[in-house]
Amino acid sequence: PVEATDDAFWDQFWADTATSVQDVFALVPAAEIRAVREESPSNLATLCYKAVEKLVQGAESGCHTEKERQIILNCCRLLTRILPYIFEDPDWRGFFWSTVPGAGRGGGDEDDENARPLAESLLLAVADLLFCPDFTVQSHRRSTVDTAEDIHSIDSCEYIWEAGVGFAHSPQPNYIHDLNRTELLKLLLTCFSEAMYLPPSSDSSNTNPWVQFFCSTENRHALPLFTSLLNVVCAYDPVGYGIPYNHLLFSDYREPLVEEAAQVLIVTLDYDSSTSSSPTVDGTTTGTAMDDVDPPGPDNLFVNYLSRIHREEDFQFILKGVARLLSNPLVQTYLPNSAKKIQFHQELLVLFWKLCDFNKKFLFFVLKSSDVLDILVPILYFLNDARADQSRVGLMHIGVFILLLLSGERNFGVRLNKPYSVRVPMDIPVFTGTHADLLIIVFHKIITSGHQRLQPLFDCLLTIVVNVSPYLKSLSMVAANKLLHLLEAFSTTWFLFSAVQNHHLVFFLLEVFNNIIQYQFDGNSNLVYAVIRKRNVFHQLANLPTDSQSIQKGLQRKKKTPEPISRTNSQDGVSMEGSRPAAPAEPGTLKTSLVATPGIDKLTEKSQVSEDGTMRSLEPESSQPPLEGNPPSAVSDGEPWSGDRRRLSSASSSGQWTPTPDWVMSWKSKLPLQTIMRLLQVLVPQVEKICIDKGLTDESEILKFLQHGTLVGLLPVPHPILIRKYQANSGTAMWFRTYMWGVIYLRNVDPPIWYDTDVKLFEIQRV
């Protein structure tokens, strides 16, 4: 043991040698940290609290000299290196939350200030240092050191790092300040990463004590720091200030800061909105500002501030910034290498999700104009690009979750009717049409040629299509054929009989056709034509055999056709020019495991759209099964939608279940086929007559006839529109936590902060 008073010994850890964070990681190997932890714990404890003490002193003094700044940075790097090894050992986890005896600055005389736990002293010092003039922010004084600003008297709101939300002044860029901020944020992120060392729990109310304290009223810099992080991310323009290829000439000191800021932001916003009864998550507070009985909104100030942003120009700034950054990988495809390619799109998607989930006014703003399409197109690009890559399952999920959330609002469906003219090279068939066509074609591609771990997402993908279908004015022939191809694939007997929930997919697709026929018949002659051409699929469904022998025969057939959904007869046509096929992950790629996501019945709640377009929630009746015609006995709660469902053709995950005639009857009788059967009954004879009379084989004539046709008064009474809206729940909150920390773990490779430590929140796997 070395005495805490032996300054000469301890100072050598952070004294004047100018090191980089990479040097510290090289000089302090993992094995040595673990050895000290086991063999001389008192030395490790002293090292930690000495390093924190240096940070506290620097924050007190305002670190005016180069030497002090060097000490601060070295202590930062050292703590970033050591903290994960403190967290991985359960016996040490409470260490930072204990007070250090005799560590008070006054020595013997203990006042309240000195009794702070080490973690709190560390967090407050980092917060102060992030607004330290001439170290991390531009000094407002233009004079010598002696009249330097007192760090305790400055109003950090005047030192916000970037213009944007709530701040109009854009400070002069200073790359030294950016580098210093990045190092401090890296330490902050490491403090928050204690969450990685706890296994995922169903109780998502486990708040992270580091985040909880840092985002509380104890941190006087909470507002300016939240604003700084948000503005730095949303104002960032990786194109190199508008000049193509600029990034090849100048290195970009902003990008590492923006990445770090995005990661710190999403971690501080890790908050389960489903458990909070707070009225302010949508930005509306009840009561006046004077009611201090119950503080308005969540205690987490970052979540609170985020939920209360309301100015249109702030929303515009955030949306434009996020859209610009998400589109960055797409810009690459027109002028390769002209812009710097950013890598933090997953963090941006989590941030966008949090914005929409915690601030309903932002969600409505996004959907108010066609700007939402600037978010949609990049998401569809990522989904299409990642569909064959096992290491990007998490990216697929978050993209689909965001679209599910958006699809619960009528405006999203309406916006999709805008023609799609941007020609981002994507590995999909060429088509002329709207953003709705793009969405359907990409979803078809994911379902027919994605890898098998995406199967739990099929329900979500089709729910999104159902949600938007009542608003789709005219589908292209390509998209109409894709929808019918999916119905054809999902209604084969072997697929319907081979797993207990497969028939749901047919129900979703029939609902899509019914919505379009009942509410958008006029513009949709392409879809009507496709339905007529494939009418045998609907007749086969109506006549689906239910006797045991036929069920067995249907199941036999699957043994002959191992590939669940063939792409034959889907007429894929030529892919877009300049596109590359979606590639699987390189062998050996690292990925982190994810917890299972809740089933679609848990993820969403049904709302009915009234005549005037307003929605009312439908209370689920206790007797009603979770989805159409799904006997409660068949789906046990013990069967989560785990990512490991084998190929579509396999038996259900319990392995025990076998289809019975009663089971088939129970849902077959509920298939909503009346509308389509009536349509076929009316139109097929007319179309056949035209073909015979005019000797037609040309579809354009038939389409012309269908365009002018009408079914007014011939169809059953239109059914009410049902929308399945996303609802927050603890299952998705836990999923987001594991996904977000997995992304952060894998993205921090230089230095590899958490690599080879014993994380418990997820497993690290190789593809």
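R34, R37, E38, E88 and D89 are linked in a network of salt bridges. This is a predicted model, and a search of the whole structure finds 31 salt bridges. The protein has 31 helices and five strands.

**Overall build**
- Of the 767 residues in the protein, 56% are buried.
- Among contacts with a separation of 6 or more, 81% are between residues 24 or more positions apart.
- The protein exposes about 32,400 Å², and carbon and sulfur atoms supply 54% of that area.

- Side chains of opposite charge can pair when their charged atoms come close.
- The side chains of R116 and E218 form a salt bridge (3.2 Å, N to O).
- R116 is in the loop between α5 and α6, and E218 is in the loop between α8 and α9, 102 residues apart.
- E347 is buried, with a relative accessible area of 1%, whereas R747 is partly exposed at 22%.
- R392 and D385 form a salt bridge (3.2 Å, N to O); R392 is partly exposed at 21%, and D385 is partly exposed at 26%.

**Helix α24**
- Helix α24 spans residues 525–533, and eight of its nine residues are buried, so the helix is largely enclosed by the rest of the structure.
- Its buried residues include L527, V528 and Y529.
- Among the elements covering these buried residues of α24 are α21, α23 and α25.

Key. Residues are numbered from 1 along each chain as its sequence is written. This is a predicted model: local features need pLDDT of at least 70, side-chain atom pairs count only at pLDDT 80 or more; totals for chains, interfaces and linings use all residues. Side-chain values use heavy atoms; hydrogens and water are left out. Helices (H or I, at least four residues) and strands (E, at least two) are DSSP runs, numbered from the N terminus. Buried means under 20% relative accessible area, exposed over 50%, partly exposed in between (1.4 Å probe, protein chains only). Contact means heavy atoms within 4.5 Å. Accessible areas come from the Shrake-Rupley method with a 1.4 Å probe; for residues, only the protein chains shown count as cover. A salt bridge is a side-chain nitrogen of Lys or Arg within 4 Å of a carboxyl oxygen of Asp or Glu.
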